[in-house]
Every structure is written in C-alpha cells, then in structure tokens.
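Open the model in your viewer and keep the sequence panel beside it. The stops below say what to select and what is there.

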Amino acid sequence: MVSVSGLGKRFKLYARPADRLLEWASFGAMRRHTEFWALREVSFTVRAGECLGIVGVNGAGKSTLLKILSRALYPTEGSFETRGRLVSLLDLGTGFQPELTGRQNIFESAQLLGFPERYVRERLAAILDFAQLGEFVDQPVRLYSSGMFVRLAFSLFAHLDPDVYIVDEALAVGDVFFQQRCFRHFRALRERGCTILFVSHDMEAVTHLCDRAILLNGGKLTAEGDPVHVVHDYFALKGQAFAAGGAAPVRSVPPTDDRGGLHVPAGVRQRLAQPPPATAHAPAGTRATEIVGFTASGRDDEERWSVDSGGVLRFWYLVHAREACHDLNVGIHFYDRRGILAFGVGTINRGVVLPAMAAGDRVICTLAVRLALQPGQYTLVPQSGGLTGNSPEPGVLHDRLDGLPPIVVTRAGHGPAGFYGLIDLETDIAFARLDD
Amino acid sequence: MIVNLWRYRTYIVKNALSDVRHRYAGSAMGIAWNVITPLAQIVIYSLVFSHIMVMRPTGFGSRASFTLYLCAGLLPWAAFTDCVLRGANAFIENAHYLKKLPIPEQIFVAKNAMAATLFLAISMTTLGLVTVVVGGPLSPAWLGVPLALLLFQGFGFGLGLFFGTLNVFIRDIGHALLIALQLWMWMTPIVYLETILPATAQRLMAYNPIYPFIDALHRMIVGGEWPGAAQWTAMVFWAGIAPVVGYLVLRRLRPELRDAL
C-alpha cells in the first residue's frame, strides 16, 4: 500500500556556488536562491495489489516523485507512507561494479538495497535462470553486452519479492522476448498482491498493465483514474505542447460542399439534438469545438450500440464550434476490456477534410465503421480536435466524450469462431487438390 | 546512525577490504604493495633523518629511535588525513548511488574510514615487526597502540562526516581542507620534537585535538610508557564528540544533501 498526501519538493537553485556561501554566512538573511517546485500538493493512494501508472511529459515531476517514494530524496512538505518492503527500479544496474562478475554484483547490489546475503542466496538460481547469461555469469560485468547487463539487473530486481515495486522506464530495454518475459513477470507479481508504481512513456503499456493512472503536469497531479482516460489527457497535453511550440502555417483547406451530400435521417437528427449519452467531457480538452450530440445507429438508422462481428455501425457527431476552426478532425477510438486500443480512426487519417468553421457553426459528421473485432465489449471514445500546423497526430484535443455506453460486438452465427485474436484481417483462402 | 551502520556492516567491511585488495590491482606484486609501501616509507625516514639530515635531539640514544618516533606519528597521521580527506569527498564520489538508492549517507564515509584503518593496521604491524627485527624496544605499552589508533580514526571519521556534508554544499571546503591539514601537521609535533617549541607554543598544545593522540602514540611506541588518564580522556572525548557533531550536521542538512549532489 502506498499513500501520498500533499507531497511537495522544492529545489533551491543558486546562480553561482558563492551565492550559497553568502546565504549561509549571513544565516539566511541574504536570500540568494530561487525556488523551483518540482512537485506540489500531490496526493493519491494505491491499494495493495494495485498497479498505478504515472504518466506525464518530461519534467513533469515523475522521477522526483519516484525518488521520494524510494527514499532517495527527502520531500520538502507533505508526507507519504509505504507499507512493506519496497524495491525501486529507478536505474537498472545502479551499484553494479564493472570489475566484479555478474554473480558478485548480484550480492553487492542487493546489499546496497538493504537485502541480506542469505535472502539473495535463496533466490540465486531463479535470478540467474531469468537473466539467461550462460557462461558470462562468472565474467566481469564490463565484458557484458548492454542487453546482458540489463537482463542481469532486471532479474535481480524482479526476484527481490517486494511488496511495493517502483518501475521507471525499465521495460523499454531488451529484445521483444525479454520484454514479454518482463510483462509476464509483472503480471505474476501483481497476482501475488504486489503493489506496482509504473512510470512509462509507452502508453500502450500503461493502459495495458495498470489498474489506474495519474497524470502529472508541471509538478501537479492533473488527472487521475481509468488509465485509458488519463492516457487521453496525456496526449491532449502533448498536443497543447505542440501548439504552444510551433506556429507553423496551417495547411489551407479548400472548403468542400457544405452539405457534404449527407442524408441525415430524421430520427438521428432528433437524437443528436439531445445531449450525448456520455458521463463527462474530458477536462483536458480546449473546447474550441464541442461534441454536442453523439449517437450510434445500425443500417436501419435506428439507435444501436451492438453489432455482429464484422457488421457496420454508424457513429454520428454534431460538432459545435465555439471558436473559428479550419482544421477540424473528428475521430473515434475503441478499447477492449484490457484497455488495449483495438482501433482508432479520424477524418485526418482517411484524408477527409472537413469544412472550415466560424465561431457558432455546427456540422454533422458520420463515421461508418465495420467492426471486424473479436466478440466482446469495447469502450468507445469519440473526440474532436484540431491539427497543429503540419505536425502529425495527435494535434490539439478539443473535446472528448468519456463514459459512453460500451459497444457490444456479438458473435455472428454458430460453429467455430470466425477468427482468433483481436481483429479480423481479411484472409483469402484457396486450395487445389493434387490428384497425382 | 549506529543502527544503519550496523545494518550495512557487511557492505562497509567488504568494500573496505576490496579497497585494500584492489588499490594495487593490475600490478605484478599485487597485495604485497600494501606492505612494501609502508616499509619503504619507514626505510626512507630512517635514511633521511638519521643519515642525511641528521637530527639527533637530546634524549634519543640511538638513531633508530628517532625513526621510530617519526613513524609512530607519521603513519597514523597519514591514515587520519586519508580518513578526513576521503570522508570529505565520500558523498560527491558516490553521488550516483545517493541520487538513486535509499542508502544512509554515512555508510560511504564509514567505508572510507574503514579502508584507511585497515591500511593503518597493515603499516603499524609492519612497523612493529621492523622494530622487533632491528632489535628495538617493544614494550608492553604497545598493547595500547591499537586502542589509541582506533580512537584517532574515530576522530577522523567524525571530521570526515562533518566536512563531507558541508563539502557537498560548498565545494571549496575539500580544497581548503588539503591546506588546513598540512598546516595542522606542522602545528603538531610529528616530524619534530615538542621540546624545540617555545614555551607558549607548548602551552597552546593542550588545545590541539591531535596532540593527545600523537603524544600518546609517542609515549607508547617510543617511550614504552602507558599514557596518563588525562590523555585517554582527551582521546575518548575527541573520538566521541567528532562523530556526534558530524552526524548532527548531516542530520540537519540531510533533506537537501542529495539535491545538491
């Protein structure tokens, strides 16, 4: 269990080393430092056995937070509590000495982390087995390839059997087989009731592994909850960062036919006039454009939120421009029950250019999606956004609907499953009988 | 502080030992250098001061005994400065550990102090053996030497802790310390006899924290006499107070120590 309340970390920055001397010599009467708060008023709790993802752009305070929790830094204010044995994987191989052999380094490093020798001895076989170093176990670490180094370090950390485990970007290393083993190991740790704090820029991994996530921005906790939503907020932030950074000329958009030749059935028009059946608009959106109506329909234009695998659902948007917008992008994401993005698409992906909008304009847009997905429940996340100059996605998030009813993809017919896996890829099968 | 030092005792001892083992790593003679180096020093002192720069102060019968006097002061002094100087740099040298791992800071100062003490043990044993071989006086007072040396190193550990903490914040301290320690050596009767000092300077010696240690060592090793209770008290006092002050300073500055690394 980890509980953090009102945590803050202030760094004192001195322009010159002599400034600190002056400040000390005057017993603080001469203030020569500027303050920098890397973290401020961060509070959250992680239940035992829960996996919390921590996301944020570089410099958001993630590392500072983890260092405080692993007691490598002291907080300036606030408090935190971690129950049980904590192991932190801040930097793989910290404490490894190049001259010592792999085996010696395992003991050395574990001692630095405060684990007794006996503890490591009991697990030595498992550690060495996991690292798969072969004969290199008894060679000095300086002869290792970087992959071997990381494998050794990770297997040591993974076998220390912690109650709380702090992982920072550790899984971005090693080949795909090692990564898969790491993920398996993580799941095993979780099932054993180990609490995990996981920092990563790999958003797939975060949505995949974590039960919950928090988003840090400028040292503050700005979003907390379902990893899928937090990851969306993260991308929205990144989009805003792009927007603030670059003022590249926007690609001019030749307006298409305003009507778009779209036939909107009366029933759909009526449902779009209602507020969307979502629980919330994402707090991170700029709301330059808003999705004021949203509905789904089947081929018969009736409201429909389920479909046979391979069938088509049509998603309708009524977008209201609160500000002028000439680069509107309307899209939708589908996540499976594990939080894996099964499919996402937007007008931009398909090269569709929506008409430029003046403030107050409204547009109806529809995406007909053939849901060739494995039967199951999928959450759907419609969003509207803008491009940012010539930069690719994600652009700027304007609005996003959270908490819509899930789409249910049902199994068509009986007999064997139509396919295995997440999505149905088009497959042509042919055969010929060889008679002679 | 004690609890943490105890918890990490294996780490401290192991690393100090490997320091002793690896200091001369890569050389053909290897560990033997640990004995050769102090032995060479003893030989050089005795050559320089008994044959070239002949200083035979009154009260020293043989040439050998002035060499003994020199070694009795210089070898412990070398270990003491090692302890203080390496202690002062311990946090900076181990910044990569301190910034990432929840290790108590004092471990690194203790590790250096332990290594310096091991070297001292080797060189003093060498000195003892040389004394026996040369046929010098190896009185029962030698038995008090290890205790005095341990107290001396304890004092050095305290200073290392104190300066090590400050040095992180004000890096000039490490450089200033080099000069200060040299000055301190010449203010203490290590390479000269106390009797050549003017009377005022001799009186001031009571305020020099190093003096009780050096004097006690001289008495035991050269004079063969047991130091008085006052001297033992002074040694215990300095060896006790320095780590406490060092630790108090560390505790006060600890929250920001790793930020400044």
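Start with A:Leu52, which lies in strand E3 of chain A; helices (H or I, at least four residues) and strands (E, at least two) are DSSP runs, numbered from the N terminus. This is a predicted model, in which local features need pLDDT of at least 70, side-chain atom pairs count only at pLDDT 80 or more, and totals for chains, interfaces and linings use all residues. Residues are numbered from 1 along each chain as its sequence is written, chains are lettered from A and ligands numbered from 1 in the order in which they are written, and side-chain values use heavy atoms, with hydrogens and water left out.

Is A:Leu52 buried or exposed? A:Leu52 counts as buried because its relative accessibility is 0%; buried means under 20% relative accessible area, exposed over 50%, partly exposed in between (1.4 Å probe, protein chains only). Show its contacts (heavy atoms within 4.5 Å): beyond four places in sequence, they include A:Phe44, A:Val46, A:Ile196, A:Phe198 and A:Ile214. A:Asp211 is 159 residues away in sequence, yet the two C-alpha atoms are 6.1 Å apart.

Next, select strand E7 of chain A. A:Leu197 in E7(A) is the bridge partner of A:Leu52. E3 (residues 51-55) and E7 (residues 195-199) of chain A pair in the parallel sense over four bridges; two strands pair if DSSP finds at least two bridges between them.

Six strands of chain A form an open sheet with mixed pairing, in the order E5-E6-E7-E3-E8-E9. E5 (86-89) and E9 (220-225) of chain A stand at the edges with a single partner strand each, so one side of each has no neighbour in the sheet. Neighbouring strands are turned by 15° against each other on average, direction ignored.

H5(A) lies across E5 and E6 of chain A, at about 160° to E5(A).

From H5, step back to A:Asp138, in the loop between helix H4 (117-131) and helix H5 (146-158) of chain A. A:Asp138 counts as partly exposed because its relative accessibility is 44%. Which residues is A:Asp138 in contact with, leaving aside its neighbours within four places in sequence? They are A:Thr101 and A:Arg103. The side chains of A:Asp138 and A:Arg103 make a polar contact at 2.9 Å; such a contact is a pair of N or O atoms within 3.5 Å, and within protein one must be able to donate a hydrogen and the other to accept it, while residues adjacent in sequence count only if both atoms are side-chain atoms.

Move on to strands E14 (residues 328-335) and E15 (residues 341-346) of chain A, which run antiparallel and are joined by five bridges. A:Ile332 stands opposite A:Val345 in E15(A). The two strands form a hairpin with five residues between them, and A:Gly339 in the turn has a positive phi of about 85°.

The average is 81, but pLDDT stays under 50 over residues 240-260.

Methods: pLDDT = per-residue confidence, 0-100. Axes fitted to C-alpha atoms, helices over the stretch in contact; angles between N-to-C directions.
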